[in-house]
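Reader: Hi, I'm new to this one. Can you put it up and walk me through a few spots?

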Amino acid sequence: QTCNSNTVHQVACQTAPDHRRSACSPLCAQAAANAVIMIDCGNATLPMRFAGPSNLTPEMYGKASQTAHTVLGVALACICVVWGAFIVLPERFGKKQCYAAAGALSAAAGLYLIAWVQLLSTPDFARRDLVQRQHTAIGRCLLAAGLQELLFARARRGERLSKTHDAWFANLAVVALVFVGHPQRASRAVVAHVAIGCCLLTGAYLL
């Protein structure tokens, strides 16, 4: 990989051949000091300071990010299917069943995302990096929303849980707003995240 003033692509300049390294030594020194690489996150490529475990390469991080996007996408799709089934076939699927299924999916997705951040980054990086902080916020809000749905599913007949339902909506609203503002470089990824955020906010409000 040749060195340039904009990015350092997944391989440090120190690994370049000697005749190339001498041509860009000031930039290589700066790149080594900043340790900046380009991480592929689904459709987006984000410049970030890589501070993961020593056995985790940037390529592995990129694949893990793609897997996380797939897992969360499948979880959100399944939640949509659960509530769609309740709307289309209310005689076959009860409200409590749907709350329980959707809550379990939401809580599982939240736990997965929290664990993903903790396992694939150092604690300092997880606290400092904006993208990882947003991932953690999404995971915590999904977990809280899922637990609140499970509480709804276990509620006795006539028990009023309006405040709990308001808290459920607040958690999903935070997730939706974070999706809308989640940093992306590719325009297609920006559109996808904004669309998902708007759909989450609308769906949560209607429920």
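Predicted model: local features only at pLDDT ≥ 70, side-chain atom pairs only at ≥ 80, totals over all residues.

Reader: Where does glutamine 134 sit?

Author: In helix H6, which covers residues 130-153.

Reader: Is glutamine 134 buried or exposed?

Author: Buried. Its relative accessibility is 14%, and the cut-off for buried is under 20%.

Reader: New topic. How many aromatic pairs are there?

Author: The count is 4. One of them joins tryptophan 83 and phenylalanine 86. Their ring centres are 5.9 Å apart and their planes stand at 90°, so this pair is edge-to-face.

Reader: How do tryptophan 83 and phenylalanine 86 sit in helix H3?

Author: They are 3 residues apart in helix H3, residues 58-88. That separates them by about one helical turn.

Reader: And which are they, buried or exposed?

Author: Tryptophan 83 is buried, at 9% relative accessible area. Phenylalanine 86 is partly exposed, at 21%.

Reader: What about tryptophan 83 and tyrosine 99?

Author: They form an aromatic pair too, and it is edge-to-face. The distance is 5.0 Å centre to centre, with 80° between the planes.

Reader: Which helices does that pair of tryptophan 83 and tyrosine 99 involve?

Author: Tryptophan 83 lies in helix H3, and tyrosine 99 lies in helix H4, residues 95-119. The two are 16 residues apart in sequence, so the pair ties together separate parts of the chain. Both tryptophan 83 and tyrosine 99 are buried.

Reader: Which residues do ring pairs link into a cluster?

Author: Trp83, Phe86, Tyr99 and Phe152.

Reader: Switching to cysteines. How many disulfides does the structure hold?

Author: 0.

Reader: How open is cysteine 198, in relative accessibility?

Author: Cysteine 198 has 43%, so it counts as partly exposed.

Reader: And cysteine 98, buried or exposed?

Author: Cysteine 98 is buried, with a relative accessibility of 3%.

Conventions. Residues numbered from 1 in each chain as written. Heavy atoms only, no water. Disulfide = S-S within 2.5 Å. Buried < 20%, exposed > 50% of the residue type's maximum accessible area, 1.4 Å probe, protein only. Phe/Tyr/Trp six-rings, centres within 6.5 Å; stacked < 30°, edge-to-face > 60°. Helix = DSSP H or I, 4+ residues; strand = E, 2+ residues; numbered from the N terminus.
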